[in-house]
Amino acid sequence: MNIIVCYKLVPEEQDLVVNSDRSISWDKAEWKIGSYDLNAVEAAMELVESAGGKVTVLSVGNSRLENAKLKKAILSRGPEELVTVVDDDLVDLDGHNTAKLLAAAVNKIGAYDVILCGEGSADIYAQQVGSQLGELLGITVLNAVSKITPQGDRLVVERTLEDEVEVLEIDLPAVLSVTTDINVPRIPTPKDILAGGKKPATKWGLADVGAEIAATVEYLSTLAPEQRERKHIILEGASEENISKLYEFIRQELA
């Protein structure tokens, strides 16, 4: 079974800086692999450990993807090889352009059975790329996947919905977006990290995959919520009088 896992580099949340005009700055942020994508990598490794096969990790973006530490970090989790599409213009991509570039790279990679994505990116969390990728490739696509079980040349997939679990048997190839409930990602050992640095990594440009990007979304601004002073209203005890006061305070705030 040939599995491709798509991942994204995202800024470290704790490095976010809110400026006085409420704009958000990531200028000093460290970059890391998206936490939701780690569940997809782990799901891929569990699949090949059960049914055999190969795992390739794939990402599109700018020169941050060439960071040796980050390459080693993703490969240390078990995948056999890394493929990246790198161009300085690939910054702040919307979901459609991201899916289009991933589809072009997948077609260049060639044979695959399953493409796994996280349920959403750890920065935007729009939950669109996996579904658009499947549509562009013209293959089965499912989201909210919480369990995957190999069954011959098919997969049995469970989707955890609001008040039920849906069980589906699907043909391959397919694109699956997995939830964080599907597993707990393994922590690489020092040996895994050393081995990750020796695995093959292929870098392509836009021309190599025959893709172009076109602006489909214009980012006007991203602002943090307005800061408000805490009211410091303290009601001691669960008396009926205090409950009534609490209700009145809440009613006034929502009015």
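At 29% relative accessibility, R186 counts as partly exposed, a class that lies between buried (under 20% relative accessible area) and exposed (over 50%), with a 1.4 Å probe and protein chains only. Its salt-bridge partner is E42, with the closest N and O atoms 2.7 Å apart. The pair links distant parts of the chain, E42 in helix α1 and R186 in the loop between β12 (174-178) and α5 (190-196), 144 residues apart. E42, for its part, is buried, with a relative accessible area of 6%.

A word on the ground rules. This is a predicted model, in which local features need pLDDT of at least 70 and side-chain atom pairs count only at pLDDT 80 or more, while totals for chains, interfaces and linings use all residues. Residues are numbered from 1 along each chain as its sequence is written, and side-chain values use heavy atoms, with hydrogens and water left out. Helices (H or I, at least four residues) and strands (E, at least two) are DSSP runs, numbered from the N terminus.

**Salt bridges**

A search of the whole structure turns up 13 salt bridges, each a side-chain nitrogen of Lys or Arg within 4 Å of a carboxyl oxygen of Asp or Glu. Here are three of them.

| Pair | Closest N and O atoms |
|---|---|
| K8 and D123 | 3.1 Å |
| E42 and R186 | 2.7 Å |
| E66 and K203 | 3.1 Å |

E66 sits in the loop between β6 and α2 and K203 in strand β13 (residues 201-204), 137 residues apart. E66 is partly exposed at 35% relative accessibility. Salt bridges that share partners also join E12, E13 and K32 into one network.

K8 lies in the loop between β1 (2-6) and β2 and D123 in the loop between β8 and α4, so this pair ties together parts 115 residues apart in sequence. K8 is partly exposed, with a relative accessible area of 30%, and D123 is partly exposed at 34%.

On a 1 Å grid over the protein atoms alone, a pocket is an open set of points where a 1.4 Å probe fits, with protein on both sides within 12 Å along at least five of seven lines, and lining residues have an atom within 4 Å of a point. The largest pocket holds about 1400 Å³ of space. Its lining divides into 24 nonpolar, 18 polar and 8 charged residues.

The second largest pocket holds about 150 Å³. K32 is one of its lining residues, which also include I33, L38, K69 and P188. Helix α2 gives the most to this lining, with 3 residues.

**Cores**

What does the largest nonpolar core contain? It has 33 residues, and those with the most contacts inside it are I3, V5, L116, I148 and L176. Such a core is a set of buried Ala, Val, Leu, Ile, Met, Phe, Trp, Tyr and Cys residues joined through side-chain atoms within 4.5 Å. Helix α1 (residues 35-51) gives the most to this core, with 8 residues.

Leaving aside neighbours within four places in sequence, L176 is in contact (heavy atoms within 4.5 Å) with residues including V114, L116, L142, I148 and I170. A second, separate core of 26 residues includes C6, L102, A105 and Y112.

Notes
Grid points are joined across faces, edges and corners, and a volume is the space filled by probe spheres set on the points. Ala, Val, Leu, Ile, Met, Phe, Trp, Tyr, Cys and Pro count as nonpolar, Asp, Glu, Lys and Arg as charged, and the others, Gly among them, as polar.
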